[in-house]
Amino acid sequence: MPTPLLQVDAFASGPFRGNPAAVCLLDAPADAAWMQQVAGEMNLAETAFVSPRADGDLDLRWFTPLVEVDLCGHATLASAHALWETGRLATSAVARFHTRSGLLTAERAGDLVELDFPATPPVPAPPPDGLAVALGATPVATFRSRFDVVAEFADEATVRRLAPDIGALARVQARGVIVTAPGREFDCVSRFFAPAVGVPEDPVTGSAHCALAPFWAARLGRGELRAWQASPRGGELRLRVVGDRVRLGGRAVTVLRGELLA
């Protein structure tokens, strides 16, 4: 049977902005090798696979074109949006996803979708060998989160003008490299590079903000923040730190609907 498939721009103010994710709406769990092939065919930062559970919750897995990942924000937002839009989940219902990072939820909060994710606060760490050369600039400080290297810069302009050596960044022993600085119009700005998992630069990265939210909340002394990811497509995130969890708020728009035949 054909599999419904949507492409959704997440953390986006309109179509062709934010971060695109493919969402496959399955009737039952699928084989991991097949899911990886589909993700390679979609060739987006992430392809999400959603399947129903007997208890009424949902299973959710995420794949880049190269690997399965443990946590992905934009494809979770896209999955919830797809479920509500197709009527597989009532618009008033909370989406409850069982994932490799535990139970994650998504719910409507005004005109936003708000995700409940685990915080991954970064801790000070020496820079990996060759990081400054790979980025083309020297961070003022470096950190490690559960998944990534975090490189702090003094100002937004430096983050925006970075033109890193993607091949060199692929050799960094981490899922990816987050670069961040205080923002002018936003509380913080960032970019995210993850060539080691097949994503040279991710347009908007929810999971990176599981590290950035507690980092900047501590720096700025408040638990609610507005963040901008300064990729070419760009995207805004609303962040709330609640204990050891991060609430990630953003918008989504469907740009494509179809059926996967293979």
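**Exercise 1. Lining of the largest cavity**

Task: In this predicted model, determine how the lining of the largest cavity divides by class, and state which elements each supply at least two of its residues.

Solution.
1. Seven nonpolar, six polar and three charged residues make up the lining of the largest cavity.
2. The lining comprises 16 residues. Those nearest the centre of the cavity are Glu 46, Arg 175, Phe 192, Asp 202 and Thr 205.
3. At least two lining residues come from each of helix H2 (73-86), strand S13 (188-194) and strand S14 (199-202).
4. The volume of this cavity is about 100 Å³.

**Exercise 2. The second largest cavity**

Task: State how many cavities of 30 Å³ or more the structure holds, and describe the lining of the second largest cavity.

Solution.
1. Two cavities reach 30 Å³ or more.
2. For the second largest cavity, the volume is about 30 Å³.
3. Its lining consists of Leu 169, Val 172, Ala 174, Arg 175, Gly 176, Val 177, Phe 193, Ala 194, Pro 195 and Ala 196.
4. Strand S12 (176-182) and S13 are the elements that contribute two or more of these residues.
5. By class, the lining residues are eight nonpolar, one polar and one charged.

**Exercise 3. The two sides of helix H1**

Task: Which residues of helix H1 (residues 32-42) are buried, and why are they on the same side of H1?

Solution.
1. Met 35, Gln 36, Val 38 and Ala 39 are the buried residues of H1.
2. These residues lie on the same side of H1 because the arc they cover around the axis is only 160°.
3. Gln 37 and Glu 41, on the other side of H1, are exposed.
4. The cover over the buried residues of H1 includes strand S2 (19-25), strand S3 (46-52), strand S4 (58-63), strand S5 (68-69) and strand S18 (252-260).
5. At the start of H1, the backbone nitrogen of Ala 33 has a side-chain oxygen of Asp 31 within 3.1 Å.
6. After H1 comes Asn 43, with a positive phi near 55°.

**Exercise 4. The surroundings of Ser 101**

Task: Is Ser 101 buried or exposed, and which residues does Ser 101 touch, not counting residues up to four places away in sequence?

Solution.
1. Ser 101 belongs to the loop between strand S6 (95-99) and strand S7 (102-109).
2. The relative accessibility of Ser 101 is 13%. The cut-off for buried is under 20%, so Ser 101 counts as buried.
3. With residues up to four places away in sequence left out, Ser 101 touches Asp 70, Leu 71, Pro 118 and Arg 146.
4. With Asp 70 there is a polar approach: a polar side-chain atom of Ser 101 lies 2.6 Å from the backbone oxygen of Asp 70.

How values were computed. Residues numbered from 1 in each chain as written. Predicted model: local features only at pLDDT ≥ 70, side-chain atom pairs only at ≥ 80, totals over all residues. Heavy atoms only, no water. 1 Å grid on protein atoms, 1.4 Å probe; cavity = no way out; pocket = protein on both sides within 12 Å on 5 of 7 lines; lining within 4 Å. Points joined across faces, edges and corners; volume = space filled by probe spheres on them. Helix = DSSP H or I, 4+ residues; strand = E, 2+ residues; numbered from the N terminus. Nonpolar A, V, L, I, M, F, W, Y, C, P; charged D, E, K, R; others polar. Buried < 20%, exposed > 50% of the residue type's maximum accessible area, 1.4 Å probe, protein only. Arc of directions from axis to C-beta. Contact = heavy atoms within 4.5 Å. Polar contact = N/O pair within 3.5 Å; in protein donor to acceptor, adjacent residues only side chain to side chain.
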